[in-house]
Every structure is written in structure tokens, then in C-alpha cells.
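Please read these points with the model open beside you.

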Amino acid sequence: MTILEARNLRKTYRVSRSNTVEALRGVGVTIDEGEMVAIMGPSGSGKSTLTHVLGLLHKPDPNHGPAPELLFDGQPVTDLSDRQRTKIRATAMGFVFQAFNLVPTLSAIDNVALAAEYAGTSRSKARDAAGESLELVGLADRASHRPTELSGGEQQRVAIARALVNRPRLVIGDEPTGNLDSARSADILRLLRRLNRDHRQTFVIVTHDPEVGAACDRTIRMRDGLVVSDGRSATAAVA
């Protein structure tokens, strides 16, 4: 079953009065439910912009070509209002970023619970869900610690718990291992793969790391705002 389907995605950014950057130049991708997909390519190739559009953070541009189409779970979402897009992001999607983006004054459990409250869950139920999510990533014993009291790998696991707290169908990661050393990066990658396999959640991960790409089911490669290849990894093919 297809969870994401996109055609003719374009996105241009104006960086000055006379200078624009075509981040996406007519991209089409399909993501199946339960897949773990890597998006790779050099800096400036459009990887992050693509995931921001797929994750309903940005709208594709409607000009200069065929109309863009974006479907989530079979439903068109290209022209939804900001409020409708926010609701889908809060309840059906989770996001993991390279910089962790944790609130420094809040404990781990409160950082995670915040995402559940944002989705409309009551405070008491949000804390219960946050505790379960932290246990899922192996951090139940660090729930009361603030980000400054956690290692980089632990902070990223809190960020992953936050992304998972609402049990989203789609998790998008933008360089989720980019700020970690090789050992912690491998730990996070194993965790993401386990969650993908055990819970059948769909993962789309932007990465420069070939080991992350090899661990995914499929790798989409981008260059100059276009998809240049899309194929299953050798590891996935053997499996």
C-alpha cells in the first residue's frame, strides 16, 4: 500500500532580489507503507526540501509546469489549509532532526509529552504516552533528566521518542545521525530499523552516510533538484 505519492514537485527559493534557487525541479516519488527509505545526494541537491514538502512543512510551487500532486494515504493534500496540514503533521507524522531541537529547560519526559499535547492529548495522558515512548527507545530511567544531562546519543533517542509518541504512520528524519559519532550513529540506526520492522512504521531519512543508506530498503538519490536514481539497496535485496 502506498502511503506517499508525489508528482511534479517544484520549489524555488528567492535568496535575493536577483537570485533564486530551484531546490526542486519537478520531482516525483512513491513511498510504500512500512518502507525505510534513504534520500541521498550532495549538499544543495534538494534532499531536505523534498522531505519538508513530503512532510507538509512546505507547499510545492504551483507555477511553471504541470500541477504538483501530493497524496498522503491516498488523499490529496497539496491544497490543504495550514490548519489541516498542521493537524496531519501532529497526528500522523513524526519528525527527527539533526540538531535534536529539544527544549533545554524541560526534562526528557516533558519534551516528549509536549508533542502529544500539541496533538490534542490531555496532559496526564501525554505524560503516560511519553513514558511509554521513552521506554521504547531505552530511556525510561533518564525520563527526569534535562537535555544538558544527556549524551548526544541519548538526546537523539529522546527526539526519536518525541517523534514516535503519537504513533505516527510516517517518520521523517533529516540527518538524524549527522551530529553523532560512529558508535552512537550505529546505535540510532539499529533503533530506527527495529522500530520500522517491529511496528511497521514508514521511515524516510535524509542522510549523507552510506551506511545509513545501505541499511534502508531503498535509496533515492538526488542531484540539482531532481531524482537521478531510485533503487533497492543490496542489503535489502539479499534480505
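**Notes on the predicted model**

1. G153 is a buried residue, at 8% relative accessibility; buried means under 20% relative accessible area, exposed over 50% and partly exposed in between, with a 1.4 Å probe and protein chains only. G153 lies in helix α5, residues 152–164. Helices (H or I, at least four residues) and strands (E, at least two) are DSSP runs, numbered from the N terminus. Not counting residues up to four places away in sequence, G153 touches L180, R184 and I188, where contact means heavy atoms within 4.5 Å. Between G153 and I88 there are 65 residues in sequence and 28 Å in space, C-alpha to C-alpha.

2. A word on the basis of these notes. The model is predicted, so local features need pLDDT of at least 70 and side-chain atom pairs count only at pLDDT 80 or more, while totals for chains, interfaces and linings use all residues. Residues are numbered from 1 along each chain as its sequence is written, and side-chain values use heavy atoms, with hydrogens and water left out.

3. Look next at strand β7. Five bridges join strand β6 (residues 93–97) to β7, and the two run parallel; strands pair if DSSP finds at least two bridges between them. β7 also pairs with strand β8 (residues 202–206), again in the parallel sense and over five bridges.

4. How many residues of β7 are buried? Five of its five residues are, so the strand is mostly covered. In a regular strand the side chains alternate between the two faces of the sheet. In β7, L170, I172 and D174 point one way, and V171 and G173 point the other way.

5. The structure holds one aromatic pair. F95 and F97 form this pair, which is stacked, at 6.3 Å centre to centre and with 5° between the planes. The rule is that rings of Phe, Tyr and Trp (its six-membered ring) pair if their centres lie within 6.5 Å; planes under 30 degrees apart count as stacked, over 60 as edge-to-face and the rest as tilted.

6. β4 and β5 run antiparallel and are joined by two bridges. In β5, P76 is the bridge partner of L71.

7. Two packed helices are described by the angle between their axes and the distance between the axes. Helix α4 (residues 123–136) packs against α5 at an angle of about 130°, with the axes 9 Å apart. That makes α4 oblique to α5. The contact is made by S133, L134 and L136 of α4 and by V158, A161 and L164 of α5. Axes are lines fitted to C-alpha atoms, for helices over the stretch in contact, and angles run from 0 to 180 degrees between N-to-C directions. Angles under 35 degrees count as roughly parallel, over 145 as roughly antiparallel, 65 to 115 as roughly perpendicular and the rest as oblique.

8. Helix α3 (residues 108–118) has buried residues A108, I109, N111, V112, A113, A115 and A116. What covers them includes α4 and α5. After α3 comes G120, with a positive phi near 105°.

9. Most residues other than glycine have a negative phi. L56 has a positive value, near 65°, and lies in the loop between α1 (47–54) and β4 (69–72). E175 also has a positive phi, near 50°, and its place is in the loop between β7 (170–174) and α6 (182–199). L56 is buried at 0% relative accessible area, and E175 is buried at 11%.

10. Finally, S185 lies in helix α6 and is buried, with a relative accessible area of 8%. Leaving out residues up to four places away in sequence, S185 touches T177, L180 and D209.
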